Amino acid sequence: MSLHVAILHGGISHERDVSLRGGRAVADGLQAHGYATTLIDVGADIAAMIQEIRACTPDVVFNNLHGPLGEDGAIQGVLEWLDLPYTHCDIRTSSLAMNKVASRQIFAAAGIPIAPGKLLTPAELAAAHPFETPYVVKPVAEGSSFGVHVIKGDDAATQRRDIASGWAYGDILLAEAFIPGRELTVSVLGERPLTVTDIVAESAQDGFYNYHAKYAAGGSRHSLPADIPGRIFEDALRYAREAHAALGCRGATRADFRYDESRSESGLVILEVNTQPGMTPTSLLPEQAAHCGMDFSQLCDWIVQEAWGRRKVRG
């Protein structure tokens with residue numbers, strides 16, 4: 001049976017551009033696998049999106065939206081209302097994973113190590129450092145490293161006040177102790193962690209895997225499987241699988257870590273679980289899947305069939 005897949009991409013978050021690129025790549029991948037596809041550019045008019053979905057009568061919706069309203073449970077609620085099977089996580093899990101405060105609590109309860117953190121207001125950040133420098137400040141609910149800053153150096157106090165005065169991501173922010181060392185990531189398909197990638201941000205000025213490093217050609221160098229001690233490699237795979245399960249994830253996810261080599265086994269901490277990993281040519285999930293023998297078209301097929309399989313169980 002040839003399925004018709006509606007692909008949602010674009011959206012109104014900061015990640016619109018990467019969502020559009022990923023959506024087009026998914027359409028090409030699914031068409032190569034024999035699917036009929038309809039790309040739907042999602043904008044601010046939610047009624048127009050619903051009308052487009054209903055008009056094309058898809059068997060499955062591939063949700064390739066990122067950021068607020070795309071991966072935080074909002075669009076998932078619309079698709080539940082329409083009674084359509086859709087890819088990736090459900091309302092509850094999407095909401096929990098997107099909220100870094102909630103997800104940190106879940107990781108800690110599951111025994112998965114996290115960095116020390118504090119919640120504070122922009123005014124409190126302006127008044128004093130929450131940790132010894134360097135440290136990280138980030139929005140509670142954004143993706144692709146938007147709004148993330150590493151505060152460090154001789155002008156740290158000036159950085160702190162400038163960031164606090166220009167904060168545009170809500171009334172509360174999350175500060176975390178900075179974990180020096182490596183940026184690692186593990187993708188999970190179903191219950192299977194794929195491998196560990198070691199990411200080097202070639203052009204990042206802040207010393208972390210920021211938006212430019214994630215999506216610009218040449219912005220980062222990926223080494224997979226990561227050349228790290230075997231115990232750390234196995235711990236990263238295990239933590240990624242456990243985090244996926246603890247949040248109640250389904251389909252494809254990606255867990256991001258920091259690893260401080262000077263602290264050996266205690267130096268690995270989880271940062272977050274991305275419930276809708278990027279699907280652009282430079283994205284990490286397709287790269288890890290290819291390393292495991294699954295090309296991009298096969299990966300898109302796996303994601304759609306996982307969603308379709310849940311529909312068959314329901315129906």
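Leaving aside neighbours within four places in sequence, which residues is Val196 in contact with? The legend for View 1 gives the list. The model shown in every view is predicted.

**View 1. Val196 and its surroundings.** Val196 is found in strand β9. Neighbours within four places in sequence are left aside here. Val196 is then in contact with Leu184, Thr185, Val186, Ser223, Leu224, Pro225, Ala226, Ile228, Phe233, Ala236, Leu237 and Gln288. Val196 counts as buried because its relative accessibility is 0%, and buried means under 20%. Leu284 lies 88 residues from Val196 along the chain. The C-alpha atoms of Val196 and Leu284 are separated by 10 Å.

**View 2. The largest nonpolar core.** This core has 28 residues. Which of them touch the most other members? They are Val196 and Phe257. At least two residues each come from α4 (91–98), α5 (100–109), β8, α9, β11 and β12. Helix α9 gives the most to this core, with 8 residues. A second, separate core has 22 residues. Tyr35, Val60, Ala289 and Ile303 are among them.

**View 3. The open sheet of 5 strands.** The strand order is β10-β9-β8-β11-β12, and the pairing is antiparallel. Which strands form the edges? They are β10 (220–223) and β12 (268–274), and each pairs on one side only. On average, neighbouring strands of this sheet are turned by 30° against each other, direction ignored. Strand β11 (residues 252–259) and β12 run antiparallel and are joined by 6 bridges. Within this pair, Phe257 stands opposite Ile270 in β12.

**View 4. Helices against the sheet.** Helix α9 (residues 230–247) packs on the sheet. Helix α9 touches β8 (182–189), β9 (192–201), β11 and β12. The direction of α9 makes about 115° with that of β9. Helix α10 (residues 284–291) lies across β8, β9, β10 and β11. Helix α10 runs at about 125° to β9.

**View 5. Strand β1 and its partners.** Is strand β1 (residues 4–10) mostly covered or mostly uncovered? Strand β1 is mostly covered, with 7 of its 7 residues buried. Strand β2 (residues 36–42) pairs with β1 in the parallel sense, over 7 bridges. Gly10 stands opposite Val42 in β2. Strand β3 (residues 60–63) also runs parallel to β1, and 4 bridges join the two. Phe62 in β3 is the bridge partner of Ile7.

**View 6. The β-α-β unit.** Which elements make this unit? Strand β1, helix α1 (residues 16–32) and strand β2 do. The unit is right-handed.

**View 7. Helix α4 and its cover.** The buried residues of α4 are Thr93, Ser94, Leu96, Ala97 and Met98. What covers them? The cover includes α3 (74–81), α5, α9 and β12. Asp90 caps the N-terminal end of α4. A side-chain oxygen of Asp90 lies 3.4 Å from the backbone nitrogen of Arg92.

Terms used. Residues are numbered from 1 along each chain as its sequence is written. This is a predicted model: local features need pLDDT of at least 70, side-chain atom pairs count only at pLDDT 80 or more; totals for chains, interfaces and linings use all residues. Side-chain values use heavy atoms; hydrogens and water are left out. Buried means under 20% relative accessible area, exposed over 50%, partly exposed in between (1.4 Å probe, protein chains only). Two strands pair if DSSP finds at least two bridges between them. A crossover is right-handed if, with the strands pointing away from the viewer, the path from the first strand over the helix to the second runs clockwise. Axes are lines fitted to C-alpha atoms, for helices over the stretch in contact, and angles run from 0 to 180 degrees between N-to-C directions. Contact means heavy atoms within 4.5 Å. A nonpolar core is a set of buried Ala, Val, Leu, Ile, Met, Phe, Trp, Tyr and Cys residues joined through side-chain atoms within 4.5 Å. A polar contact is a pair of N or O atoms within 3.5 Å; within protein, one must be able to donate a hydrogen and the other to accept it, and residues adjacent in sequence count only if both atoms are side-chain atoms.
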